[in-house]
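Please work through the exercises below with the sequence and the 3D structure open beside you. Each one sets a task and then gives a solution that goes step by step.

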Amino acid sequence: MFQALDLALLVLVLTIKSAFGGVGMLYPKESESRDSKFFDGMWQFRADNSPTRNKGFQELWWKKPLVETGPVIDMPVPSSFNDVTEDKSLRDFVGWVWYDRSFYVTSGWASGKRVVLRFDSAHYFTYVWLNGREVMSHNGGHLPFEAEVQHLLNYDSSNLVTVAINNTLSPTTLPPGTIQYQTDTSMYPPGYFVQNLQMDFFNYGGIHRHVRLYSTPLVYVDDITILTDVRNNIGNVTYTVVAGGGIPRFVEVTLLDASEAVVAQSSKLADSLTIQSPHLWWPFGMNETVGYRYTLQVNVSGDVYRQPFGIRTIRVTENQFLINEKPFYCLGVAKHEDSDFRGKGLDYTLIAKDFNMLRWMGVNCIRTSHYPYAEEILELADRQGVAVIDESPGVGIKNDNNMGNESIAHHLEVMSEMIRRDKNKPSVIMWSVANEPDSSRHLALNYFKTVIQYTRDNDPAHRPVTFVCSSSYKNDVAVQFVDVVCLNKYFGWYEDTGHLELIQRQLHTWFEGFRTLHKKPIIVTEYGADTVPGLHRDPSSVFTEEYQAEFLQEYHKEFDIARQDFLVGEMVWNFADFMTPDGITRVVGNKKGLLTRQREPKRGAFVIRDRYNAIINGTAQTCGCSPSSKYSSQPHSYQHSTNPDQIIG
């Protein structure tokens with residue numbers, strides 16, 4: 001039996017790790033004092049196909065160029081390695097893969113500079129060597145890691161960076177999984193194994209985001225934390241700057257507005273500045289000014305870093321989610337980082353297209369299902385006024401083996417890294433620590449109490465914290481700890497398939513069950529139906545575009561009643577079709593997208609577009625009437641409001 005974890009001990013361990021690894025994880029930016037060199041492009045690549053997947057370590061592949069160790073192929077970075085070739089064994093590969101590339105650094109970087117090698121993400125466990133010497137390792141995907149390397153570089157001559165990455169999922173990783181070995185040699189070759197997943201998306205691996213070398217002065221800006229508040233039309237901006245490398249000779253902090261006009265100044269590492277009649281950061285649809293940001297320009301002994309931020313407040317009541325003290329209603333979609341060929345690889349064209357489609361549909365909120373998205377995506381959310389529920393990779397925490405002390409420790413470490421990276425993002429309005437865990441298990445109580453409280457305590461801005469629940473209100477033990485109840489439910493799809501007439505009744509029962517136990521606002525974070533584009537039938541049937549449209553509309557009937565009281569958001573699953581492992585319930589991926597994987601709209605996209613834009617424009621019809629006659633045996637008990645601000649975000 002697992003023992004309750006000593007949270008104080010865990011915090012101490014994480015503090016020590018942070019101290020050794022540096023406090024901050026500021027996004028690298030060029031400035032008067034900083035240079036940056038991208039390593040995007042073609043790298044040399046090989047998968048370790050040995051039965052133990054351990055040949056690369058046994059033969060010390062990092063000691064020389066990979067091309068000298070055996071056959072290599074060209075592999076683009078950033079990208080997932082799985083879909084780049086026609087090799088099925090590489091598409092489904094589990095284990096260690098190896099990358100390397102050479103590069104040059106001029107002697108201009110050699111004197112009086114700190115040089116950092118940074119990976120924005122790699123999946124999942126990573127070792128990095130520079131010129132044959134190990135410089136860092138990292139456990140987990142989706143989040144950045146870096147190390148100082150100025151003492152290992154060859155200036156004005158060739159350098160070699162080598163990376164080993166393992167995409168294996170175990171019971172204690174995030175996300176968790178298991179390896180199943182087949183020992184019957186009459187049916188399977190010796191050493192044969194399969195990776196069992198506890199998630200419904202493809203286990204892409206590789207270097208998914210930028211790799212770069214950047215420089216700073218020896219005394220540098222290591223971290224910036226910005227907190228904002230508004231009272232009596234005065235904006236308060238409280239900041240803390242952490243300097244690294246020594247005691248600063250001077251500090252200059254300048255607060256700039258969007259036109260780069262100086263608003264306030266200070267000469268302290270920590271201070272509180274005020275702005276009269278500030279421009280607030282608003283999500284799309286709540287104000288004429290959307291995504292307004294200020295910049296905190298920090299100069300520490302000549303090292304200049306500019307941190308954008310927004311002034312906005314968040315508060316949760318029993319029935320409302322308030323942004324700048326105005327009720328916010330999430331008109332949302334859940335997404336994936338997923339596309340043809342690239343897998344989860346960063347692609348600016350795809351990001352721009354996705355945000356254009358979000359605006360076309362009237363979306364004002366997304367969830368980073370089910371892992372932290374690239375910083376470039378959050379940057380665009382900040383600028384375009386798209387609110388973000390920032391979710392950890394805690395998807396599929398299904399059994400006791402996923403909920404022990406080792407798992408909790410890793411989960412807390414991941415939440416610490418997420419907060420460190422995203423704490424200054426105005427678009428991030430809430431943290432989600434997990435998606436669809438088995439929250440009915442006895443161990444879930446201690447597990448989620450610990451992770452949620454740690455997240456709440458370690459976010460300087462104290463944003464609301466949640467996890468996405470798919471368990472029944474009758475046996476869930478963890479929703480009691482969240483600030484906002486987030487629910488995934490698929491009435492009419494996974495339950496009572498094809499019976500659209502049951503959706504409104506069953507959804508009402510679900511709402512009533514959770515509201516009776518928890519007087520907290522609710523967001524439906526997933527609902528949707530697989531839809532094959534171009535498949536039509538009248539009357540509708542499952543997998544047709546007609547069924548998707550009617551399915552969504554049945555949910556909307558109940559949403560329109562509940563959003564007059566406690567419902568503060570609705571999020572369709574999914575924004576676009578995405579890849580999953582092979583299985584008899586999936587035909588080349590999950591087809592629940594409003595858009596195809598190539599971002600072409602299905603019929604359901606037009607239903608959502610009409611609905612969301614009508615709500616934003618104030619032209620949506622709201623139900624102030626009694627439910628239809630099919631509810632005569634179970635009347636609604638919601639308290640209807642006549643205040644339109646409670647209805648329209």
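## Exercise 1: A helix residue and its setting

F559 has its place in helix α9, where helices (H or I, at least four residues) and strands (E, at least two) are DSSP runs, numbered from the N terminus. This is a predicted model, in which local features need pLDDT of at least 70 and side-chain atom pairs count only at pLDDT 80 or more, while totals for chains, interfaces and linings use all residues. Residues are numbered from 1 along each chain as its sequence is written, and side-chain values use heavy atoms, with hydrogens and water left out.

Task: decide whether F559 is buried or exposed, and state how far apart the C-alpha atoms of F559 and A614 are.

Solution. Begin with the cut-offs: buried means under 20% relative accessible area, exposed means over 50%, and partly exposed lies in between (1.4 Å probe, protein chains only). With a relative accessible area of 0%, F559 is buried. Then turn to the distance: F559 and A614 are 55 residues apart along the chain, and their C-alpha atoms are separated by 14 Å.

## Exercise 2: The strands around β32

Task: find which strands pair with β32, and in which sense.

Solution. Two strands count as paired if DSSP finds at least two bridges between them. On one count, strand β25 (residues 330-334) pairs with β32 in the parallel sense over 4 bridges, and C330 stands opposite G569 in β32. On the other, β31 and β32 pair in the parallel sense over 3 bridges, with I522 opposite L567 in β32. The next step is to follow the chain, since β31, α9 and β32 make a right-handed β-α-β unit (right-handed if, with the strands pointing away from the viewer, the path from the first strand over the helix to the second runs clockwise). Finally, check the cover of strand β32 (residues 567-572), of which 6 of its 6 residues are buried.

## Exercise 3: A hairpin and the next strand

Task: describe how β16 pairs with β15 and with β19.

Solution. Strand β15 (residues 220-231) and strand β16 (residues 234-244) pair in the antiparallel sense over 11 bridges, and I226 stands opposite Y239 in β16. These two strands form a hairpin with 2 residues between them, and N232 in the turn has a positive phi of about 55°. β16 also pairs in the antiparallel sense with strand β19 (residues 270-276), over 7 bridges, and here I234 stands opposite Q276 in β19.

## Exercise 4: Salt bridges between separate parts of the chain

Solution. A salt bridge is a side-chain nitrogen of Lys or Arg within 4 Å of a carboxyl oxygen of Asp or Glu, and the structure holds 42 of them. E32 forms one with R306, the closest N and O atoms being 2.7 Å apart. E32, at 58% relative accessibility, counts as exposed, whereas R306 is partly exposed at 30%.

K425 forms a salt bridge with E379, where the closest N and O atoms are 3.7 Å apart.

For D483, the partner is R456, with the closest N and O atoms 3.2 Å apart.
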